[in-house]
Amino acid sequence: MPNRLWLSALFALLLVLPLFASAQDSYPSKPITLIVPFPPGGQADLSARPLATAMSQLLKQPVVVMNRPGASGAIGHRAAATAAPDGYTLLITLVSVQALPMVDKLFGRQPSYTMDQLAPLALLVADPPVLVVGAEQPWKSLKELVDDARKRRDDIVYSHSGLYGPSHLPMEMLLHATGTKMRGLPAVGGGPTMALVLGGSAAMWASPPAMAVSQVAAKKLRPLASFGAQRHPGFPEVPTLKELGYDVEYYVWSGAFAPRGTPEPVMKTLRDAIRRGAASTEFKTAMQNLKSPEAYLDAPEFADFLRRDEVRLQQAIQKIGKVE
């Protein structure tokens, strides 16, 4: 009897395996969703949409961007991390995907997700933010701003897209380095954060270059400094913080992830589609229009990038400490 049961189980497995292989071979057979955990108009959204267009053409299936904002991105991150690992739900997100679990640990909270639940697919964009102030603000240089902030401690307001998010962390790093203090005014995503500065509710923010380009060109914003190690090609006249004597470096990167456990053949198909999509005319033109330099890295190189960035983020969060 045991032998008969074993043979029956083996026979059933042999029947199922070809079906499983066939399901992977035919991937994708239905629309793919790209979760963006922020509102439309932000850095992740701006890189996701042209990529989705290119991937739709390559994979012969609709690739749809779904914005799932909230909790500085944690809601969308969790939705992607806990999605079925079948290749039909992916994540396009920012540097905050690594930072938020670190923040939960800092506060002794149970993380809503962990990086172990996500598998890197590709790095798409890696831009240093640009510190921009509203055109009506009086400061023409970072020195003028810092001098004024030291006189008016906790009086000047900056906007950000959520605590420990991709526009809050660099501002707090700058304030720590300059020995100044300002009040943070949170919004939900990059678009609303920009609107607070343009509307005069906040004086400045650490903006992704892609979002700042058109507003600077229209003279609605004034750039004072860049957070990169080198000057940004879209703002060659803007000095870096390191040039100005502050040891601050930060990048707002955008990358693609799949739920951990996605079958390797599906991962290979996705990596190939993203690689070709990032090299497509649609994606390259969109990034060029946003003055965003090419930064594509395939999964293995992206994983190495994440490990290096994790160290930088951990040091910054520990330095900033608890911010309520």
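1. In this predicted model, helix 2 (residues 43–59) lies across strand 1 (32–36), strand 2, strand 3 (89–94), strand 4 and strand 10, and the helix runs at about 160° to strand 2. Helix 9 (residues 264–278) also packs on the sheet, where it touches strand 3, strand 4, strand 10 and strand 11, and its direction makes about 10° with that of strand 4.

2. The sheet concerned is an open one of six strands, whose order is 2-1-3-10-4-11 and whose pairing is mixed. Its edges are formed by strand 2 (63–67) and strand 11 (297–298), each of which pairs on one side only. Within the sheet, strand 4 (residues 118–127) and strand 10 (residues 252–259) pair in the antiparallel sense over eight bridges, and Val 125 stands opposite Ser 254 in strand 10.

3. A further antiparallel pairing joins strand 5 (residues 130–134) to strand 8 over four bridges, with Ser 207 of strand 8 as the bridge partner of Val 130. In a regular strand the side chains alternate between the two faces of the sheet. In strand 8 (residues 204–207), Met 204 and Ala 206 point one way while Trp 205 and Ser 207 point the other way, and all of these residues are buried.

4. The structure holds seven aromatic pairs. One of them brings together Phe 107 and Tyr 164, whose ring centres are 6.2 Å apart and whose planes lie at 80°, so this pair is edge-to-face. The two residues come from distant parts of the chain, 57 residues apart: Phe 107 is in the loop between helix 4 (96–106) and strand 4, whereas Tyr 164 is in the loop between strand 6 (157–160) and helix 6 (168–178). Both Phe 107 and Tyr 164 are buried.

5. In the pair of Phe 257 and Phe 302, the ring centres are 5.4 Å apart and the planes are at 55°, so the pair is tilted. It too links distant parts of the chain, with Phe 257 in strand 10 and Phe 302 in helix 11 (residues 299–320), 45 residues apart. Phe 257 is buried because its relative accessible area is 1%, and Phe 302 is buried because its relative accessible area is 0%, the cut-off for buried being under 20%.

6. Leaving aside neighbours within four places in sequence, Phe 257 is in contact with residues including Leu 90, Leu 91, Thr 93, Val 97, Met 115, Leu 118, Phe 302 and Leu 306. In the largest nonpolar core, which has 90 residues, Phe 257 is among those with the most contacts, together with Leu 131, Leu 142, Leu 145, Met 182, Met 204 and Trp 253. Strand 4 gives the most to this core, with eight residues. Apart from this core lies another, of 16 residues, among them Val 130, Val 132, Met 194 and Val 213.

7. Two local details may be checked in the viewer. Thr 193, found in helix 7 (residues 190–198), is buried with a relative accessible area of 0%. Not counting residues up to four places away in sequence, Thr 193 touches Ser 159, His 160, Ser 161, Ala 187 and Trp 205. Elsewhere, the charged end of Lys 30 sits over the ring of Tyr 88, 4.7 Å from the centre of that ring.

How values were computed: Residues numbered from 1 in each chain as written. Predicted model: local features only at pLDDT ≥ 70, side-chain atom pairs only at ≥ 80, totals over all residues. Heavy atoms only, no water. Buried < 20%, exposed > 50% of the residue type's maximum accessible area, 1.4 Å probe, protein only. Pairing = 2+ DSSP bridges. Contact = heavy atoms within 4.5 Å. Axes fitted to C-alpha atoms, helices over the stretch in contact; angles between N-to-C directions. Phe/Tyr/Trp six-rings, centres within 6.5 Å; stacked < 30°, edge-to-face > 60°. Lys NZ or Arg CZ within 6 Å of the ring centre and 35° of its normal. Core = buried A, V, L, I, M, F, W, Y, C linked by side-chain atoms within 4.5 Å.
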